[in-house]
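Here is a walk through one structure, taken a piece at a time. Keep the sequence and the 3D view open, and find each part as it comes up.

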Amino acid sequence: MNENIMTYETVDLGDNDENVIIIDQTRLPGKVEMIHLRTAQEIWDAIYLLKVRGAPAIGVAAAFGIYVLARQIAEEETEFDGFYKKFKEQKDYLDSARPTAVNLAWALNRMDRVCRQAYEDGNDVQKILEILGKEAREIKQEDIRVCKAIGEYGLSLVKPGDGILTHCNAGQLATCKYGTATAPIYLGQERGYQFRVFADETRPLLQGARLTAYELHSAGVDVTLICDNMSGMVMKNGWVNAVFVGCDRVAANGDVANKIGTSVVAAVAKQYGIPFYVCAPTSTIDLDTPTGAEITIEQRREEEVTQMWYKERMAPEGVKVFNPAFDVTDHELITAIVTEHGIARAPFTETLSKCK
């Protein structure tokens, strides 16, 4: 591979903090294109259209985005009341881009709290901007530390030479470094573990094929791409010793929402006695959501299934399409949830709250 995607920043601030720079993930793997986002519409579109995706990366992009917009607001609103009114409007607008990943609201609410606290501490708008910029950068650095810690805990669950199956993309492209579900793989790669990785293609957006297989191959990992309906065969063949997946939201009882098809992988893994691990930063743990039944599941356009990946339409005109972006994996199918603070096991209603 000529281009190592691992050398690029998934999300970053531009020169003079005037814009957000992201890898346009809709162009991968064919082209690595960095795009600059300056307006609220551009940032919203980038999140909604999956130009930036993955719960942690969305959170970082949102934090950078509201900071960039705050700087623009401050050019016209020098008094806090006017500034904060527009800040809140932009924050709520960005928050509407995607409903399932909790990190979007988590990062924006964190920036909102910092903004209000800075004002209560007696700071003017210009000082508040400085504090917001510092907080946004800290959110990114936290993400890197969190992923590294998840990787260390995850690595303790496997041994050199193991076969690992992963679904969707919970890799570096979904975070700022290491990824979540791929963090044990990358740390193992650095330490000579020689894992054999199977990456599901992951319908409907093919993020396993376009992104996970791409970045793992780019990093020199032994990765094999499989279609989603092949996971049972590779497990039955004894090629898989553990499953690692990421997630977008963890309910209080341990149910998790992740890319559609994750629940199928979990059920098949249970059938063959293979441990199923969810790698989840504590920022994705939503203790206010009792079970997975209360998680809003994003519905996406039918064209993503019928024609998006083909030169010609591959399904009949007028056929009905069901295209949820996520499904919910029942906590009973999950062996453990790996966080940056440790490994949570059942009963999750008790162990998850300790991780937070």
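Start with helix H2 (residues 55-74) and helix H3 (residues 80-95), which in this predicted model pack at an angle of about 150°, with their axes 10 Å apart. Angles over 145 degrees count as roughly antiparallel, so H2 and H3 are roughly antiparallel to each other. Their crossing is right-handed. On the H2 side, the contact is made by Ala62, Gly65, Ile66, Leu69, Ala70, Ile73 and Ala74. H3 answers with Phe83, Lys86, Phe87, Gln90, Lys91 and Leu94. Sort the residues of this contact by kind and you get nine nonpolar, two polar and two charged.

Let's zoom in on one residue from that contact. Phe83 sits in helix H3. Is Phe83 buried or exposed? With a relative accessible area of 0%, Phe83 is buried. Setting aside neighbours within four places in sequence, Phe83 is in contact with Ala70, Ile73, Ala74, Glu77, Cys115, Val125, Ile128, Leu129 and Leu132. For a sense of scale, Phe83 and Tyr277 are 194 residues apart in sequence and 44 Å apart in space, C-alpha to C-alpha.

H3 has another partner to look at. The axes of helix H1 (residues 40-48) and H3 come within 9 Å and cross at roughly 25°, and H1 and H3 are therefore roughly parallel to each other. This crossing, too, is right-handed. Here Ala40, Gln41, Ile43 and Trp44 in H1 meet Gln90, Tyr93 and Leu94 in H3. The residues of this contact divide into five nonpolar, two polar and no charged.

The crossing of H4 and H5 is right-handed. Among the residues of H4 in this contact are Trp106, Arg110, Met111 and Tyr119, and those of H5 include Ile128, Leu132, Glu135 and Glu142. The contact holds 12 nonpolar, no polar and four charged residues.

Now move on to helix H7 (residues 207-218). At 1.5 Å a residue, its 12 residues should span 16 Å, and its end C-alpha atoms are 15 Å apart, which agrees. The buried ones include Gln207, Arg210, Leu211, Tyr214 and Leu216. What covers them includes strand E4 (163-166), helix H6 (183-190), strand E5 (196-200), strand E6 (222-226) and strand E9 (256-259). Just after H7, Gly220 takes a positive phi of about 85°.

Most residues other than glycine have a negative phi, and most peptide bonds are trans. Asn16, though not a glycine, has a positive phi of about 60°; Asn16 lies in the loop between strand E1 (11-13) and E2 and is exposed, with a relative accessible area of 58%. Tyr178 also has a positive phi, about 75°, without being a glycine. Tyr178 is in the loop between E4 and H6, and at 12% relative accessibility it counts as buried.

A cis bond joins Leu28 and Pro29, with omega about 0°, and Pro29 is found in the loop between strand E2 (20-23) and strand E3 (34-37). The bond from Ala346 to Pro347 is cis as well, with omega near 0°; Pro347 is in the loop between strand E14 (342-344) and helix H11 (348-355).

Note on methods:
Residues numbered from 1 in each chain as written. Predicted model: local features only at pLDDT ≥ 70, side-chain atom pairs only at ≥ 80, totals over all residues. Heavy atoms only, no water. Helix = DSSP H or I, 4+ residues; strand = E, 2+ residues; numbered from the N terminus. Expected span 1.5 Å × (residues − 1). Buried < 20%, exposed > 50% of the residue type's maximum accessible area, 1.4 Å probe, protein only. Contact = heavy atoms within 4.5 Å. Axes fitted to C-alpha atoms, helices over the stretch in contact; angles between N-to-C directions. Parallel < 35°, antiparallel > 145°, perpendicular 65-115°, else oblique. Left-handed = near helix turned anticlockwise from the far one by under 90°. Nonpolar A, V, L, I, M, F, W, Y, C, P; charged D, E, K, R; others polar.
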